[in-house]
Amino acid sequence: MKNLIAAASIALMGLTGAAAADGHANYPERPMMLMVSYGAGGATDFQARIVTMTAGNDDALGMPIAIINKPGAGGRVGWNWFATQAEADGYTLGAYNIPHFIAQSIEGGVEYGADSFEPIANWGADPAVFVVAADSPFNSMADVVNYAKENPGGLTFSGAGLFVGHHIAALQLEKAAGVKLAYIPNSKGGAGAMKAVIAGEVLGGVNNLSDAFRAREAGNVKILGVFDLERNDFLPDVPTMMEQGYDIDNASVNFRGVMVPKGTPQPIIDKLAEIVPTMFANGRVAGKMKAGGSPMHIMNRAEVQEMWAAREKTLKELLAGL
Amino acid sequence: MEFIYYFGDVFTPFNFMLLLLGTVGGLILGATPGLSPTMAVALLIPFTFRLEPASGLILLGAAYTSTVAGGAVSAILLKIPGAPANIATTLDGHTMAKKGEGARALQLSFIASAVGGVFGVLLLIFLTPLLAQWALAFGPSHLFWLAILGVTIIGSLDSSSVVKGLLSGCIGLWLATIGFDDIMGAQRFIFHSSVSGGINVIPALIGLFAIPQVITMFAKGRARLDAEVLSVEKHPISKAFREVFNRFRALSIGTITGSIIGLIPGVGGQIAGLVAYDQAKKMSPERGKFGTGHSEGVIAAESANNAMVGPSLVPLLTLSIPGSPTAAVLLGGLLIHGIFPGSDLFDNYPEVAWTFINSMLIGQILMCIFGLYIAGLAARVAQVPNNVMAAVVLGLAVFGSYSVQNSMGDVYIMMALGTGMFFLERFGFSAAPLVLGLILGPIAEANFIQGSMIANATSSIGSYFFTGPLNLLLIGIVVASVAYSGWMELRSRRYTTKDDAVAKEEALS
Amino acid sequence: MTDLPRNQHIIASGLVAAVGVTVAYISYTAQPAAAFLFPRIISTVFVVLALWTFGKALLGRTKVGNGLSATAIRNILPGLVVALVYVFWAAQTLGFYTASTITFFILVTLYDPAPHGEVKSWVRRIIITAGFLAVMYGLFAMLLNVFTPREIFF
């Protein structure tokens, strides 16, 4: 009897093995989904919809990708689901936001870390910027820091929440300028934080470059500095923090890309890693992204892996003081 | 008057066809229990990729307008609000349907929706710059007081017992705190992995209203249908029109309250209907009839939740700030075509902006025409046998709550809350205050915390929350509302005996 | 008022009060305290109101709520069990469409006023079920593109 069961199980394994090998060659055979851990209409959701719109083309994956939203708790809900419940069959992709999920995993209380996921490719990099209302007396970061020095802990500025890119940028600014600031996290994300700046509820704010660019076009805000290593193509006139004398690197830049859960078969990862970056590079995608004011930054799997490791190190140092 | 110039664009054959499609599709999706306006609009975004910007927005505008009104259909006929906006409609609308006046209730609701909706869009057209200032005036302290104002309504809403109404509200407020808290990311009351993401309002709404209905249908057993067949009385449309305009007080309270509250980013849409219903009730000489199938209740609630549609887009169109999830999806629809909303939107892209707004204006009227046309037919839903209806609603509730965020946890939450609510309802608790608590809790909490953080950094909590004309005005309204409710409660207690309360309860259930 | 609703009222309000007390206990003990400020305020009011209601139920002074009659409980029970099994077990295990179809058919049959011996009524119920499946599939799978959990049969 034992032998019979053993034989049966070997046969079964052989069968599934063959099916799997076969499946990888033809992968993908059915439509896929991309989990976005922010709500419909947010910047991540919006960009994910654009960069996946050509997935069904023959030169890309040949199968469409549907976006599913699992918003909540600054992305924790979606990534928890992705790390613990998503099927690692190559048909369930996820969008990542760096530094958000790494910072949250360092903070604790979540079921994922950088090694729960396998990166595929990066599509965008949205640096944080410092904004003030259009009628604000501040015209440079020096004005902001001087005000903060005169009123320790009295400079209120908004951001999208705790342990997200904006919060990291705020911590870096406090550290580099040696001042105490009052960071006010907003429960409505970047849009809510921007409203607080425009309405004058707070004196300034950290926000996404793409949203800030739009708000400036509408004449509602001034952008005083970029939390990145280089100036951005969308805002060639706005200096970086480094240029203004604050030692701040690109640790808060919001990188967005595609990943799969750990345990996805290697052939599938390889295939995705090869095709997805070319899909992002499609001319139509680039055109739509530019029209929407969203900076693109395509990176392949190896580059993303390196970037994740570097971020984890910086963030651990930065958050250790909290 | 620039907008008249662009009316032509709405009436090109292709655009008009899209408008019809958006309106009819929106009505159907809105009327399906479990599908919210946000989902309907998000569903259409991919189609707009391929359309011209103006055409795409016509489709979105029409769908947005009519899903909000469509939600009234299931609210009235099945006591299942399509979206939080329609909760107030169930209170009198469903009672009317039970009396066989489903067709009348639907007609009233569509006409009131159209009147409110047109008024709201006209406000958007003529007063946008002014309204934008008003939308920005609401900071954390004001939103906090506004949420408290909502809480004061809880006690008097749809319950013959103020204490149980408040207790239901407290349960809702507590349910809202479950999950990771939005600001600090701390975990609260996560006793099962399904609730780690918090309790989403839409699945909760579906469960709290739909499941008790399903179980109530079970409770009737295998009774012969003809034993209690609901008659569906025919109701002439002209009479409905006359009635809506004769109820001018309810109509104007609904329209004005909806327009004002709809404007406030992040709060408006969900509570406009309830606040308007409460105001209409307090100001009506026939306030005792509210909740027993009184037409003023339907008119106030529905005119308010469509009046909110136009103003709710003001922060989006002028400041590029989406004030609601639906507005956020619409923003995506604009960005995809490289159109940045902002104060200069009307100068840079007048053909897009005005066509969009015009399409909502025409959409309101088309929605009313189609709504009236289907009202008579839809009311026959009441004649579907109990056994089929119960099974259909259960299936829709499961699929609907799953599809909000593709989450099995939401389905479990829906069913657990719904089953609990059925039993609680049998003991005098009610779902409307519970949902109101669920909606208001996070608004009150987040704004209180943000406000006190700002206050600590700048001045003191006392001066931040208790000074300034808008704070004082809101506090005044809160105090007046509480005092009025208390006074009414005392007065009615003197005249109602226990037997009356029981009799009223029996008439309702 | 008979004794049945009175006892039911005591049980129901007792359960609500127990939930309230548990919530309050957690709110006042859990960390970080700052995140539980709001739950503390809510749970305090919750407990006061819940105990008030419970007290009234004990004294038999509850005014509203009719409770459940024995007939109602008998009628509800089979349907409720089917619904709970459907939601908490079948939907995930058998797949949404399979489970929904089976549940739909069982519920329609259970509560059909027509006698179960009648062939005509069986045919009618099968047709209704097929129609339901078609509408759900059309709406959610084709129109709304909802990804439901994998089905067991297909």
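User: What makes helix 7 of chain B mostly covered?

Analyst: Count its residues: 15 of the 15 in helix 7 of chain B are buried. The cut-off for "buried" is 20 or more other C-beta atoms within 10 Å of a residue's own. Keep in mind that this is a predicted model.

User: How do you know that helix 7 of chain B has a length close to what is expected?

Analyst: Helix 7 of chain B covers residues 140-154, and its 15 residues reach 21 Å from the first C-alpha to the last.

User: Why is helix 8 of chain B called largely enclosed?

Analyst: Because 14 of its 16 residues are buried, helix 8 of chain B counts as largely enclosed by the rest of the structure.

User: And how do you know that the span of helix 8 of chain B agrees with the rule?

Analyst: The 16 residues should span 22 Å at 1.5 Å a residue, and the end C-alpha atoms of helix 8 of chain B are 23 Å apart, which agrees.

User: What follows helix 8 of chain B?

Analyst: That's Gly179(B), and its phi is positive, near 110°.

User: What about helix 9 of chain B: why is it called largely enclosed?

Analyst: Do the count again: 17 of the 19 residues in helix 9 of chain B are buried, so the rest of the structure largely encloses it. Its length works out too, since those 19 residues reach 27 Å from first C-alpha to last, close to the expected 27 Å. Just after helix 9 of chain B sits Gly221(B), with a positive phi of about 70°.

User: How many residues of chain B are in contact with chain C?

Analyst: There are 54 on the chain B side, in contact with 53 residues of chain C. To count as a contact, two residues need C-beta atoms within 7 Å. Five helices of chain B give two or more residues each to this side: helix 8 (162-177), helix 9 (201-219), helix 19 (386-405), helix 20 (408-425) and helix 24 (498-508). The largest share, 12 residues, comes from helix 19 of chain B. By class, the chain B side has 32 nonpolar, 11 polar and 11 charged residues.

User: Let's look at chain C. How do you know which kinds of element it has?

Analyst: Chain C has 5 helices and 0 strands. Read from the N terminus, its elements run α-α-α-α-α.

User: How does the radius of gyration of chain C sit against that of a compact globule?

Analyst: A compact globule of 154 residues would have a value near 15 Å, but chain C has 23 Å. Its C-alpha atoms fill a box of roughly 55 × 45 × 20 Å along the principal axes. Of the 154 residues in chain C, 32% are buried. For contacts with a separation of 6 or more, 64% join residues 24 or more positions apart.

User: Which domains is chain A divided into?

Analyst: Domain 1 takes 30-125 + 253-321, and domain 2 takes 128-227. Their C-alpha centres lie 26 Å apart. The contact between them takes 15 residues from domain 1 of chain A and 15 from domain 2 of chain A. On the domain 1 side, helix 4 (100-107) and helix 11 (301-320) of chain A each supply at least two residues.

User: Last one: why is Gly257(A) called buried?

Analyst: The cut-off is 20 or more other C-beta atoms within 10 Å. Gly257(A) has 28 of them, so it is buried. Gly257(A) lies in strand 10 (residues 254-261) of chain A, and among the residues it touches are Tyr96(A), Trp123(A) and Val304(A).

Conventions: Residues are numbered from 1 along each chain as its sequence is written. Chains are lettered from A and ligands numbered from 1 in the order in which they are written. This is a predicted model: local features need pLDDT of at least 70, side-chain atom pairs count only at pLDDT 80 or more; totals for chains, interfaces and linings use all residues. Domain bounds come from an automatic or database domain assignment. Helices (H or I, at least four residues) and strands (E, at least two) are DSSP runs, numbered from the N terminus. Ala, Val, Leu, Ile, Met, Phe, Trp, Tyr, Cys and Pro count as nonpolar, Asp, Glu, Lys and Arg as charged, and the others, Gly among them, as polar. The radius of gyration is taken over C-alpha atoms; the globule rule is 2.2 Å times the number of residues to the power 0.38. A residue is buried if 20 or more other C-beta atoms lie within 10 Å of its own, exposed if 12 or fewer, and partly exposed in between; C-beta atoms are placed from the backbone. The expected span of a helix is 1.5 Å times one less than its number of residues. Lists of a residue's contacts leave out its neighbours within four places in sequence.
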